[in-house]
Structures are given as C-alpha cells and as structure tokens.
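Thanks for coming. I will go through one structure this morning, starting with ring pairs and then moving to charges and the chain interface.

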2 protein chains.
Amino acid sequence: MILSALATSVGLNLALTVLLVAAYSLLRRRPPYVEVYAPRRPFAPLEPWLAAAWRRSEEDIHAAAGLDGVVFVRIFVFSIRVFAAAAVLGLGVLLPVNFFGDQLREIDFGDLPNKSIDLFSISNVQDGSNKLWLHFSAVYIITGITCYLLYHEYKYISGKRLDYFMTSKPLPQHFTVLVRAIPVSDGVSVGDAVDKFFREYHSSTYLSHTVVHQTGKLRRLLNDADNIWTKLTNLNARRSSGEPSRKFLGLFGRNDLLGMYQKRLEDLEENVRMEQSDATRRQEIPAAFVSFRSRYGAANAIYIRQSDNPTEWQTEHAPDPHDVYWPFFSTSFMERWIAKFVVFVASVLLILVFLLVVAFVQGLTYLEQLEQWLPFLRNILELAVVSQLVTGYLPSVILHFLSSYVPSIMKLFSTMQGFVSVSGIERSACNKMLRFTIWTVFFANVLTGSALRQFEIFFDPKEIPSKLAVLVPAQASFFIAYVVTSWTSITSELTQTAALFCNLLGKCATCCKRDGSKSPSMPYHSEIPRILLFGLLGLAYFIVAPLILPFVLVYYCLGYFIFRNQLFNVYVPKYDTGGKFWPIVHSTTIFSLVVLHIIAIGVFGLKKLPLAASLLLPLPVLTLLFNEFCRNRFW
Amino acid sequence: MILSALATSVGLNLALTVLLVAAYSLLRRRPPYVEVYAPRRPFAPLEPWLAAAWRRSEEDIHAAAGLDGVVFVRIFVFSIRVFAAAAVLGLGVLLPVNFFGDQLREIDFGDLPNKSIDLFSISNVQDGSNKLWLHFSAVYIITGITCYLLYHEYKYISGKRLDYFMTSKPLPQHFTVLVRAIPVSDGVSVGDAVDKFFREYHSSTYLSHTVVHQTGKLRRLLNDADNIWTKLTNLNARRSSGEPSRKFLGLFGRNDLLGMYQKRLEDLEENVRMEQSDATRRQEIPAAFVSFRSRYGAANAIYIRQSDNPTEWQTEHAPDPHDVYWPFFSTSFMERWIAKFVVFVASVLLILVFLLVVAFVQGLTYLEQLEQWLPFLRNILELAVVSQLVTGYLPSVILHFLSSYVPSIMKLFSTMQGFVSVSGIERSACNKMLRFTIWTVFFANVLTGSALRQFEIFFDPKEIPSKLAVLVPAQASFFIAYVVTSWTSITSELTQTAALFCNLLGKCATCCKRDGSKSPSMPYHSEIPRILLFGLLGLAYFIVAPLILPFVLVYYCLGYFIFRNQLFNVYVPKYDTGGKFWPIVHSTTIFSLVVLHIIAIGVFGLKKLPLAASLLLPLPVLTLLFNEFCRNRFW
C-alpha cells in the first residue's frame, strides 16, 4: 500500500466516523429513535453526549452498568495508556529511525504520497545497523510499561472486586449453593437425599433446599402464551388505530382471528394451571439449590469436597436468580465432560471453515486475481478510486460482516457445555471468541495459504520467529487498513445500525416489533475479544510497523467515549460477574507481549543482529513468570 | 547384539542374582548381619523369607509399612499384570510374526546363537506386510488392558485411602493447620496476630496456636550435644571392652578426652537450658500451627481462602509431628516462588551435565571407539568374553552406579523449594527423579548425540514419530541388556550391599558406627522412578522388540518378592502420606503409553502402512482423555 492509499482510507473512514457521530448526535433525541439510542433513559434531560460521557465518574458507571461495566471501561483506559506510551516511543523514536534508514531506496521527499508505507517500517533499516538497538530497547521498555500497567490494573480491579463483595447487600445467591450430580438410590426422592445429606454434614448451617424440576413442557406452554399475547396486543393496537380490516384470501376476518387467539389463550391457561398444580407430572432432576444460614456456611459447602467420589455432590456458586440458564441442569458429570471435548473439537472445526472464507477475502487484496475471477469487472477495477477502495476497504468490510455471526455460534457452543448461568456461558463464549478472533483475523491473515498449511508453522517451533518475522511485516498494510476501518465499525456501535434497521422494519411489520420497554444487554462475549484483538495488532506491529500505533490509539479513544455513552444509555446489565472478565484481558495482553517478543527475535535474526535476538530470549520467560506471579497474587 | 551375547548376559545376571539371593538367605540370620538384614525384627522367628514374603497379606503390609508401603507393592502388582498380558501378546503373537518375517534375511535355524536379536524385532517384518495389522491390534489391546488396570488400581487405592482416613485414630495433625506468610504490623507479635485473626473468623472452631520460632542456634547446640554423647558412649564401650589406651601423638590420653567431653557436654547443657528458657532470644517466624476443635474446622481453614491477598495467610495441612522439616518455615511466598523457578533451572542443568557423562558411557557400546581412546586395552578387548562383557554389561553398571548419587541431589533441590515436611520433599524429589531418569536413561540413550542436539528433536514435533521409530529400535539391545542387568541391581537391594559395607567398616571405625537401633526408611523418591522406568522401557519396546517383555516381567516379579520382604524386615516408615505416591505412577504409565503410541505411529509410517499409522492417531488422544477423566474422578 502506498501512502496516498492509506491517506484515502484514513480520510474515508474519518469522514464516515464524523458522519456517523453527527447523525447520532442529531437523531438520538428524535422520538422515533429514542427507543434505539436511549432505551434506558428515554426521558433524561438533553445534554451533549460526548461531554456527558467524559464527565461521568467510575462510580456512575458502577451504578449504571455494574462492576462488569467498570472492567469493560478499564480495558479502554488500560489500552489507551499502553498505546499512548507505545505511540510516543513508536512515532518519536522508531518511525524516524525507520524512515531515515536506507535499506529499501534513497528517499525522495518530493514524491511522498507515492511512497510505500514500507519506508516507515523496520524493513527500511539497514541490516546489522546499530540503530536496531533502539528497537531492541523499545521492546524492553514497552514490555516493562505494559507489565507495570497490567499489575496496577489487576490490583485496582481486585480491590474493586473486594469492595463489591464487602458493600453488596445480602442477596439470596450468597447464601445458596447449587448442588449437581446428586446420587439417588431407588425409592428415595432427590429432595430427601439432599435433606439427609446436608442435615448430616452441615447440620449447624443448613437451612433449606429447592430441587430443580424438569419444566420443559411448562416453559413451552408459557412461551406459546407469550407469543399469542403479543399477536393479540398487535391486533388490538391496529384496530384502535382504525386500520381497515384485511381478510386473508377473503376467508378469515380479523374478528375470527381475535376470537381464535382468545380461545387458544384460554386453553393454554388451563393447561398451564394443570401443569403447575400437579407436581407429580414434573420429573425431578438430580440437582438442587441448597440454602444456608450464613455466607460462611455456603462457602464451606462450595470449597470443601462433599463426597469421596468427586463426580458426585458437585457444588458450585448458585447463579443470580435472573442469571440462571435452565436447560442444562439435568446433565451428568460425564455428559458435561464429553460435551466439553466435543465443543472443543467443534470450535476448532469452525475456525477451519471460517479460514476458507478468509482465504477468499484475502484474495481481494490482489486485484489481478480478482480480475481473473471476475473478468467483467476489469474496466471498473482499473479506476484508481475503485482499486484503492477494493484493496484498502472491501476485505475489511467483508471480514467485519462475517465475524458478526460467529459470536452467536460460539455462545451456542458454550451453552451446550452445560453451564447453568448466562454469565458463565458468556464468559466461556468470550474465551472461544478470543481464540477464534486471534486465529482467524491475525494468524490467518499473517500466515496466509490454506488452513491446514497455516497450522504447519506450529509443527516447526524453531522456525516460528524467523517465519513470523518475514510474514508479519508483509501484512502491515492490510492490518493498518483493518485498524482504520474499525473506526467506522466502532462508531456504528454508537448508531446501532442493526437495531435501527430492525426498529424501522418493525414499524412496518408490527408483528415482529421488539418490545420497546426491553433494553438490550451488553454482549461482552463478542465485544471484549474484538477490542483485545487491536491490542494484539498494536503490540505485534510495535517494532515492525510503528505507523499502526496512532490508529490503534484513536480506536481506543473512540471506543472509550462511545462505550461510556452506550453503557449509560443503551445497555442494561443482565448479570454481574463482579469483574470476572478481567483475567481474560490480562492473559490476552500477556499473549500479545509474547507474540511481540517472538516477532522481535525473528526480526533481529533476519536483520543480522543475532546478539540482540539472543538478549531478547529472557524477555518472554520473564513475562510468563510475571503472568504466573499475577495469577498467584490475584486469582 | 547377537543372541549368544544376550544369553551370556542373561546367564551372568541370573547367576549373580541367584548368588546374591543365596548369600542373603544364608547370612540374614547370622548375628553380625542381623542389624543390616532385619533391623526391624531382629528377634523374629526364622522362616524361609521367600515363602514368608509370598504369604503375607496386604493388611500385614499396611500394618508394617503404612499405606505408602501398600501403594509401593501395588506398583509391582499392577506392573506384573500389565507385563504378563504384554508378554503373552508379545511372545505368543508378535515375536513369531517378527521371526518368520523375512525383511532382514533368510532364516538359518542352524546358527541361532549367532543371529542378531534384530530378527525378533519388528524390523524383520516385510514393509507393507499385512502381518503388521497384528502389531496394530496389539497396540490397541495393550492400551485397553493397561487403561483398564489403571482405572481398577486407582479405584482400589482411593478406596484404601478413604478407609485409611476413616479408620485412623484422631491425630493432632488432623486438627491442625499450618499457617504461613502471616502479615505482621509493627508492634504486634505473630502470636497476637494469629489469635486475633482466628478468633474473629473461626470463632466457633478455633482452639489454640503455636508460633514457630527461629531455633537454629538451639538445634546446633543439640546436634553438638548428640555428637559428643555418641563419642562418649563409644569411648566408654571401648574402655569396658578393655582396649588399650591410645594416646594421640602421645599427648592426650583417653582420660583427658573423657574429661574434656564431659566438660563440654556440661557447658552445652547450660547453654541449651539458657536458650530454651529465654523465649525472647528466639526470633518469631511468621508461621504458626493453628489447632481447631474439629477436623471439619481445620478443613474449613485449609480449603477456604483466608485473605483477600492470596499470598498472605496461606494455610495447608499440618504435617505429622515427626514428619516436619523445620529449616524452611521462614521463607516468604515470594522466596518460595523464586526458589521453585531456580530449582527448576538447576534440575534441567543437572540433566545436561549428566548427559555428558552418559555420552561417554554410550561410547562403550562401540568397542572400536573405546579401543581408539584407550589403545593399550586392545589386546584385552579382543577377547570374546571381555568384549561381550564390555558391550553388554559395563555401560549399564556405570549408569547404575552414577545414578545412585542423583536422588540425594534431587532431594536437596526439593528441600530448597521450601517444603515443611519430609514427605513433601520426597514426593517432589520423586517427580524430579522421574523426569531425570526418563530423560537421562531413556531419551539420552535413544537420541544419542550431544545433549543440546538431543533437545532438537522436540523443536520439530512433526518428525518425532518417524525419528523415534528409527532411533528406538536401534537401541533395543542396549535396553534389553539394561533390563537384564537390573535383576542384579534389584537383588542387591536384598543384600543391602552399601549398608553391609558401611556396617562392616563401622565395626572397625567405631566412631562412625551407625546406631544399631535405628532402621533406615524406605527411599521412595529414588525407588519409584527406577521401577517406573522399566515400565516405560517395556511399553516403549512392546511392538518394536517384544523380546524385552519377559525380562521386564522377571524384574517386576523379583522386585515384588524382594520389596515385600524388605518392607517387613528392613525399612521403617518415616511418614505416611496416605498413598499420595500413586498419582505419580498413574501419570507415568499414561506417559509410557503415549510414547508407545508415538513410536508405533512412526514405525507404521516407516513400514509403509500409512493407514495403520493414521488409525493409531486417536489412541493417544483417547489415552489422554482417559487420564483427564481419572484426574477428575479420583484426585
């Protein structure tokens, strides 16, 4: 990519970003859009959103979005700090050194726009030059800064977490333990078995228990009732607004429909009542919520193994009542264990399938190939603007679009693993998404080639640094463009494009209209991996192409303001894990640092400075030791 | 190695074994040897030891050697079962198939003694032959049998372990928790801090505490007193036996010595009393034994995290009073953590140093090289008997001899890690020894070449199976000889050669005589890795050279009888971990199975049966899943 193409991309995205922000600022208070842009606070006084987002304190965020919201915002704070330092180092030291190196060619200042951005990368520094020691020091300095900030942040968040537990009101889940895999002998009900067990072993603290029942049928009936009720309300709403009656094929009028729905609702009510009253019709599941007299009693039951067979009487924290996910209470230890393995295999397969798609997208950056595939496009593609658009923009858009469907699949996978809380599912999905994102976006684009050939690099670990040192710089333009494009995508979070469309469509097709009173919840499991990816990109390209750093910094600054706004106005917390998402952020940053070290070792090897490469070897070891220390200190 | 050399080696070792057993049977009841051969039961009635060892029940062993002794014997029972099955498969199916293959040359039955033992190895089966499917099935069958036995054994031992806890009398350590890393603010003593903390958080179960003190000086004084007392006793014994008085350089007579010792003993007594009485002179260590009213209270304190900072108020099971190892109570969390890392590096370095030695030993199997190094030996080495001795016997002897010094070094390393119990130190040393033994004996001899070049194979994981498939069969003769030699070494356990020498020497130099009443304790940390090594050898060579299997089986049978005898007559249990050594045995067996699978995959690849190689791929995965399952089910 040449400098002018980059400038085009930056200009385009900046314009789009400003446009989206302007559109949001204008539209957010218009009546039809309020339920998209501020479903949480539709009647709040109007104030400039940017200033409001800036002004709000962390206590406000905690009150509005829970500790998870605070942790989410801290990801941005932490990243801004890291990349501010990185950008100062990168733009102040590394970029000039790279630019005034003369490995690639003599500099002609007259024709800057047509220079390749490779001039700003480490490739332009002469092999074996002593200037490379500046890069070497930069790696040590940025690792030190990042680790210091990681430690500081972890300490801060674990402090917050303690406060959270100290100050929270006594809640039912603090006194309750979920017991699964209860062994039941014939003729004894689950309830009796639980009662006997806890009366015997926890006599002083045991209070009561609730056995979980198979309620699939009841849930289906209630769902049906809910659907019919929505339809009825819509029909009534239309009638009161005086729409002409429409007859389906001239046969059924609205009144027939009304009557029919009412009849079915009455039937359902009857069934539900029968189902609810007749406890014997519901099957007991070998799982129960057991309540204790004190939090300490509950903690005892959780942390001390209850049975000589660890696969029975498994205890865990009871989830919040509104966080419970019911379908998987009946799974046995063995089933969950097998499901875990199957899901692992499935998520690896998903990555492989996705890589096939990425391989196609990657082809788009090579215009010649595209012209070969689609010859009729040749005339259009030869226009300068179009070619810059296609190489600089289209691949990223396609990637962004496709990636948006993966989180729900990953969530489905996590669901199948047998978690009993939505927060557990989303945390597990977050981990899966992280692996997916890092693999399909970073490694797939760096390694290129077919999916199976990509894995080959890991069969030859000795060669990883030198291979990455060749492959990573080659994709610098793609990733700079990717980061720049992401400005638009993070701003479209502000304008809620998808929800907006859905809302506008909903106005026409009333039957699928979303319930106005229900605000969406924050999809941490898809947002956190996406945000962390840019941290990985920024650190991986830190010494190779420091030009990427300011763009990453801008991304995080945008995200900081936008998400502070969204957490207040749009998303309602569905659960509060008490900041359990931070360890994911921590370990991902450690991973990014180690990737940086491996690339740096490879680069110094290629640049004929083997001493620097050897002196870098202790750095990943120290970083991993630091990680181990933090794990011991904080988890 | 040709068959006659193997026969020589087997004959020699069998003769030595029989000789040693005979010597033992004759000598064990002679008065001067009783304190070496039966220090535990010097006055027990005389009975044939082999029959007695066979007759004793597991309850007897439990009573005599604790649950650790039972676990130790179960290693032999388990191994005998595995290798009985393996030997049936190997000798009944694989060996004939190998022998009647004709890859290597036509068989000439007339000259069997001069045949290479390669004829019995898989190398002799023709490439791509369908007979290899027998080997393929054998791998699956032996894996199935081993896993079944592993499960069965683990279940049996965890049952025993439960019984052990159920039936044991209430002991002080069951009610006591060791608390380390107690944070102390200025002006508050450790005792007060502990008291305040446990009165606050464990008010209903807390009983009392004992703060640990720095007693280095006291311990030194007591040691001195002990030494002087021993010298005095010896002097008195000599005087009573009427030895003539010897004067040192004619200056000091015995009476001077006697008086001097008595004077010093009195001084010491004074010092000890002063040190004991004056508690202020002993520095408090931020560690304490905290006792609770119930075992349940103690369990609470151990399993529930006590502090918001996990590096403070660390609790663990208090060791048995006679199992405590005092010197490392004062180490902080950070020191232990660094020590762990340093010890890891040190034990890797030890392996590297040892490998240099092995490289030399390995050279001995190539006579030509030895002749080159030591030309004056040429004449001797050309004798047939000597050459067979040197190639078949000497390397193993040197290896056995050198290895005998390593356990104490590993124990020293483990000591430095800051364990507070001897059993903890020995279990950690056992793990270290295991890694050391597997690496220096198995891998070093298989991979050959310089130490650093050996590690290179792991940088190229894709090539591991095919490389091992070439290298492992090449060392078959060495390892068969190694197993055969080990018969003597395990029998010399019976004759206690080292202790015997020490005892005989002790009779002359009375001052270093060992205390007759003190029986040695079982060195589990050096014996278990040695025994498990033969399991690895047997499984690794299962399809490659099934000839090794009967020799391994004989080894385990010998060990079964010998150690059953020794646990009764010689070793006194120093501690009882309650069978905590079994997980080490379990995971090592899993490791051996995976090594077998990797070698088998490589062999089928080399033998041009790629389908079999691919069909073996699920086997290591399933084995590791089985291991994971057992970990969940039993630990």
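**Aromatic pairs**

Over all chains, the count comes to 82 aromatic pairs, where rings of Phe, Tyr and Trp (its six-membered ring) pair if their centres lie within 6.5 Å, and planes under 30 degrees apart count as stacked, over 60 as edge-to-face and the rest as tilted. One of them is the tilted pair of Phe479(B) and Tyr541(B), with 5.7 Å centre to centre and 45° between the planes. This pair links distant parts of the chain, 62 residues apart: Phe479(B) is in helix α19 (residues 476-495) of chain B, and Tyr541(B) is in the loop between α21 (524-540) and α22 (548-569) of chain B. Helices here are DSSP runs (H or I, at least four residues), as are strands (E, at least two), numbered from the N terminus.

Before going on, the ground rules. This is a predicted model, in which local features need pLDDT of at least 70 and side-chain atom pairs count only at pLDDT 80 or more, while totals for chains, interfaces and linings use all residues. Residues are numbered from 1 along each chain as its sequence is written, chains are lettered from A and ligands numbered from 1 in the order in which they are written, and side-chain values use heavy atoms, with hydrogens and water left out.

Are Phe479(B) and Tyr541(B) buried or exposed? Phe479(B) counts as buried because its relative accessibility is 0%, and Tyr541(B) is buried with a relative accessible area of 0%. The cut-offs are under 20% relative accessible area for buried, over 50% for exposed, and partly exposed in between (1.4 Å probe, protein chains only).

A second pair in chain B is Tyr555(B) with Tyr556(B): the ring centres are 5.5 Å apart and the planes stand at 75°, so this one is edge-to-face. Tyr555(B) is buried at 3% relative accessible area, and Tyr556(B) is buried at 1%.

**Charges over rings**

Two cases in chain A. Arg56(A) lies over the face of Phe568(A), 4.0 Å from the ring centre. The charged end of Arg74(A) sits over the ring of Tyr156(A), at 4.2 Å from its centre. The rule asks for NZ of Lys or CZ of Arg within 6 Å of the ring centre and within 35 degrees of the ring normal.

**Salt bridges**

Side chains of opposite charge can pair when their charged atoms come close.

In chain B, Glu153(B) and Arg74(B) meet in a salt bridge at 2.4 Å, N to O. Glu153(B) lies in helix α5 (residues 132-167) of chain B and Arg74(B) in helix α4 (residues 58-100) of chain B, so the pair ties together parts that are 79 residues apart in sequence. Both residues, Glu153(B) and Arg74(B), are buried. Glu153(B) also meets Arg81(B) in a salt bridge, at 3.8 Å, N to O. That pair again links helix α5 of chain B with helix α4 of chain B, 72 residues apart. Glu153(B) has a relative accessible area of 0%, whereas Arg81(B) is partly exposed at 35%. Turning to chain A, salt bridges that share partners join Glu58(A), Arg74(A), Arg81(A), Glu153(A) and Lys160(A) into one network.

**The interface**

Last topic. Chain A puts 31 residues in contact with 31 residues of chain B, contact meaning heavy atoms within 4.5 Å. The area buried between the two chains is about 2700 Å², with carbon and sulfur atoms giving 67%; buried area is the accessible area (1.4 Å probe) that two parts lose on being put together, summed over both. Ile304(A), Trp337(A) and Phe459(A) supply 20% of the area that chain A buries against chain B, more than any other three residues.

How many salt bridges are there between chain A and chain B? The count is 0. The elements giving two or more residues to the side of chain A that touches chain B are α9 (295-303), α10 (333-363) and α25 (618-634) of chain A. Of these, α25(A) gives the most, with 7 residues.

Definitions and conventions: A salt bridge is a side-chain nitrogen of Lys or Arg within 4 Å of a carboxyl oxygen of Asp or Glu.
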